[in-house]
Amino acid sequence: MKARAALVLAGLLSAVPAGVRAAAPCADHLFTVERSKNANVVVYDAKRDASGELDPAGPVEEYWILNADQGQRQELSRVERERAYGVDVAPGLETKTFVLTFKAQKKRAFTVRMHDGCPEVLTRIHGHEAVLSRIYVKSKEGGLMPRVESIELFGHDAATGETVKEKFAP
């Protein structure tokens, strides 16, 4: 009986035009920064206004998830926000887009935008216009500040959906 009900439901859904179906809600999660130092990650989420668009007063928020501890959320310290993992966000060239740059690495710009009702971050990854999902930072600890040895960007090609990645030295 359950199998028959599932077939009937599938048939009904296939009869509804794709544009009429309710879209699955999307998360405000943009990407993470993972590090070789420990399992803690910095999470970057989109902030939206009451209309569901990116909040022009502050479209991105960043915070720690302390996976090396008990997985709790913790705000970045002032030094982390101003020197390492904090971001600068400015209005983009296109309407309702924003340009994001890291305080620690201003060489590469990222575009924050809404696409099909969901927030995403675009950048070039290995020559492809790509939606960023994750950054991995390999560093050597010691001294006053760790030394970054390499950075890897992970995402998917914005046009084809193909997985892309790029590794480089800062």
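Predicted model: local features only at pLDDT ≥ 70, side-chain atom pairs only at ≥ 80, totals over all residues.
C26 counts as partly exposed, with a relative accessibility of 27%, where partly exposed covers the range between buried, under 20% relative accessible area, and exposed, over 50%, for a 1.4 Å probe and protein chains only. Residues are numbered from 1 along each chain as its sequence is written, and side-chain values use heavy atoms, with hydrogens and water left out.

C26 is joined to C118 by a disulfide, with an S to S distance of 2.3 Å; a disulfide here is a pair of cysteine sulfur atoms within 2.5 Å. A search of the whole structure finds one disulfide. This pair links distant parts of the chain, since C26 lies in the loop between helix 1 (2-15) and strand 1 while C118 lies in strand 8, 92 residues apart. Helices (H or I, at least four residues) and strands (E, at least two) are DSSP runs, numbered from the N terminus. The torsion about the S-S bond of C26 and C118 is about -115°, and the disulfide is therefore left-handed.

From C118 the reader can turn to strand 8 (residues 118-125), which pairs with strand 7 in the antiparallel sense over five bridges, where two strands pair if DSSP finds at least two bridges between them. The bridge partner of V112 in strand 8 is V121. Strand 7 and strand 8 form a hairpin with two residues between them, and D116 in the turn has a positive phi of about 55°. Strand 7 also pairs with strand 6, again in the antiparallel sense, over three bridges, and L100 stands opposite F110 of strand 7.

In a regular strand the side chains alternate between the two faces of the sheet. Strand 7 (residues 110-115) has a covered face made of F110, V112 and M114, and an uncovered face made of T111, R113 and H115.

The search of the whole structure finds five aromatic pairs, a pair being two rings of Phe, Tyr or Trp (its six-membered ring) with centres within 6.5 Å, called stacked if the planes are under 30 degrees apart, edge-to-face if over 60, and tilted for the rest. The rings of F31 and Y44 have their centres 4.5 Å apart and their planes at 10°, so this pair is stacked. It links distant parts of the chain, with F31 in strand 1 (residues 29-35) and Y44 in strand 2 (residues 41-46), 13 residues apart. F31 is buried, with a relative accessible area of 0%, and Y44 is buried with a relative accessible area of 0%. The rings of Y44 and F102 have their centres 5.6 Å apart and their planes at 80°, so this pair is edge-to-face. Because Y44 lies in strand 2 and F102 in strand 6 (residues 98-102), the pair ties together parts that are 58 residues apart in sequence. F102 counts as buried at 8% relative accessibility.

Charged residues give another view of the structure. Side chains of opposite charge can pair when their charged atoms come close. A salt bridge is counted when a side-chain nitrogen of Lys or Arg is within 4 Å of a carboxyl oxygen of Asp or Glu, and by this rule the count comes to 13 salt bridges. R113, on the uncovered face of strand 7, forms one with E120, the closest N and O atoms being 2.6 Å apart. R113 is partly exposed, with a relative accessible area of 23%, whereas E120, at 12%, counts as buried.

Another salt bridge joins the side chains of K138 and E149, at 4.0 Å from N to O. Because K138 lies in strand 9 (residues 128-140) and E149 in strand 10 (residues 147-157), this pair ties together parts that are 11 residues apart in sequence. K138 is partly exposed at 39%, and E149 is partly exposed at 30%. E149 also forms a salt bridge with R147, the closest N and O atoms being 3.6 Å apart. Elsewhere, salt bridges that share partners join E61, R73 and E75 into one network.
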